Amino acid sequence: MSRLDEVTGEESAAAAELEYEPPASPNGLEQPQHARRARVGMEPEPEVVDQREVAPVVRLVVAHVRIVAPGTVPTVTEDRARGAPRLIETAHLVLREWRDEDLEPMARIDRDPTVTRYLRNPPATPFTRRETEELVTRIRAHWEEHRFGLYAVVEKETEEFIGFIGLAIPAFLPQILPAVEVGWRLDPAFWGRGLATEGARACLPVAFVDLRLHDVVSIGHAENAASIRVMEKLGMRHDRDAVHPAQGWPLRIFRLSRTEWQAGAGGLRG
Ligand SMILES: CC(C)(COP(=O)(O)OP(=O)(O)OC[C@H]1O[C@@H](n2cnc3c(N)ncnc32)[C@H](O)[C@@H]1OP(=O)(O)O)[C@@H](O)C(=O)NCCC(=O)NCCS
């Protein structure tokens, strides 16, 4: 689940800033990339070539795209300095960058009380249009800052925008940081067809291959059975429980390590 909107807009943004604003370095210069990576639980980058020394045309790279054919797993051949792929295609879904026109269908999904049941307090409180706008702004800012994030999801057959799936830093739960969460929120019209699992499964190579994370977590309301079932189908294991700092409700935290994923947990390699 994405928790980018678990705290109300302003609080969430403030929390994220507090948590992730790099401390000023002694010489006042920007914190190096490897330090930023460490804060989100990534391995340090190998020595990086200063892009400015490379001819500018090299930086006009072709879009980082991945097509996930059933039964295959990407190999570690890609330049991870590019971060996550900006487009992932699976059997039934396209996970892509956000567009302005996604706002309307996302706001419609966010107004649905069955969607907000385990995301809001009281449960059936819809997200307002403004809250959805703030959420999408934060998702896009997360992509800018970290080079990975939650994807806009399109169902291939209908070509409809159906929600989001992807990776995000769970800033709302400081006790678990540094961590990266795999999360999801889909249009109820598309539930129960395995789409959340399919999309999330395609995000695991992003975490483990592109970003070289050691592990990935997923955090859900303890009673959100559908979401917890998705975690289980991904091969994640129950790690610990917690209490939502702002809402006070019980949270269940699942975790999957790169080693477990490489060993084929949850049928991830097939
Ligand atoms: C969670 C969510 C993304 C799941 O999407 P989905 O595409 O239906 O998920 P999948 O079809 O891949 O898997 C759902 C699984 O949960 C099961 N499930 C659904 N409702 C359930 C319930 N009430 N109790 C137990 N299991 C349930 C389904 O049967 C399926 O398991 P199965 O394949 O073993 O039969 C969707 O319900 C959603 O968007 N919910 C609202 C937002 C939300 O809560 N996000 C997560 C926050 S942690």
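Start with a helix pair. Helix H3, residues 103-110, packs against helix H5, residues 129-146, at an angle of about 120 degrees, and their axes are 9 Å apart. That makes H3 oblique to H5. The cut-offs: angles under 35 degrees count as roughly parallel, over 145 as roughly antiparallel, 65 to 115 as roughly perpendicular, and the rest as oblique. Axes are lines fitted to C-alpha atoms, for helices over the stretch in contact, and angles run from 0 to 180 degrees between N-to-C directions. Helices are DSSP runs of H or I with at least four residues, strands are E runs of at least two, and numbering goes from the N terminus.

Two housekeeping points. Residues are numbered from 1 along each chain as its sequence is written. This is a predicted model, so local features need pLDDT of at least 70 and side-chain atom pairs count only at pLDDT 80 or more, while totals for chains, interfaces and linings use all residues.

Back to the pair. Which residues meet? From H3 they are Leu103, Met106, Ala107 and Asp110, and from H5 they are Arg129, Thr132, Glu133 and Val136. In contact means that two C-beta atoms, placed from the backbone, lie within 7 Å. The residues of this contact split into four nonpolar, one polar and three charged. For those classes, Ala, Val, Leu, Ile, Met, Phe, Trp, Tyr, Cys and Pro are nonpolar, Asp, Glu, Lys and Arg are charged, and the others, Gly among them, are polar.

Next, Arg111. Arg111 sits in the loop between H3 and H4. With 14 C-beta neighbours inside 10 Å, Arg111 is partly exposed. The scale: 20 or more other C-beta atoms within 10 Å is buried, 12 or fewer is exposed, and in between is partly exposed, again with C-beta atoms placed from the backbone. Leaving aside neighbours within four places in sequence, Arg111 contacts Pro126 and Phe127. Arg111 and Thr132 are 21 residues apart in sequence, and their C-alpha atoms are 9.2 Å apart.

Now the whole chain. It has eight helices and nine strands. Of its 270 residues, 35% count as buried. Take the contacts with a separation of 6 or more: residues 24 or more positions apart account for 61% of them.

On to the core. The largest nonpolar core has 57 residues, and those with the most contacts inside it are Ile165, Cys203 and Ala207. Such a core is a set of buried Ala, Val, Leu, Ile, Met, Phe, Trp, Tyr and Cys residues joined through C-beta atoms within 7 Å. Which helix gives the most to this core? Helix H6, residues 195-210, with 10 residues. Not counting residues up to four places away in sequence, Ala207 touches Leu167, Val180, Val182, Leu213 and Val216.

Ile165 brings us to Leu95. The two are 70 residues apart along the chain, with C-alpha atoms separated by 7.6 Å. Leu95 is in strand S3.

Glu101 lies in the loop between S3, residues 93-96, and H3. Glu101 counts as exposed, with 10 C-beta neighbours inside 10 Å. The C-alpha atoms of Glu101 and Phe161 are 9.4 Å apart, across 60 residues of chain.

Last, the backbone. Cis peptides: one joins Asn121 and Pro122, with omega about 0 degrees. Pro122 is in the loop between H4, residues 113-116, and H5. Another joins Leu177 and Pro178, also with omega about 0 degrees. Pro178 is in the loop between strand S5, 160-168, and strand S6, 181-186.

Arg147 has phi near 65 degrees. Arg147 is in the loop between H5 and strand S4, 150-155, and is partly exposed, with 17 other C-beta atoms within 10 Å. Glu159 has phi near 60 degrees. Glu159 is in the loop between S4 and S5, and counts as exposed, with 8 C-beta neighbours inside 10 Å.
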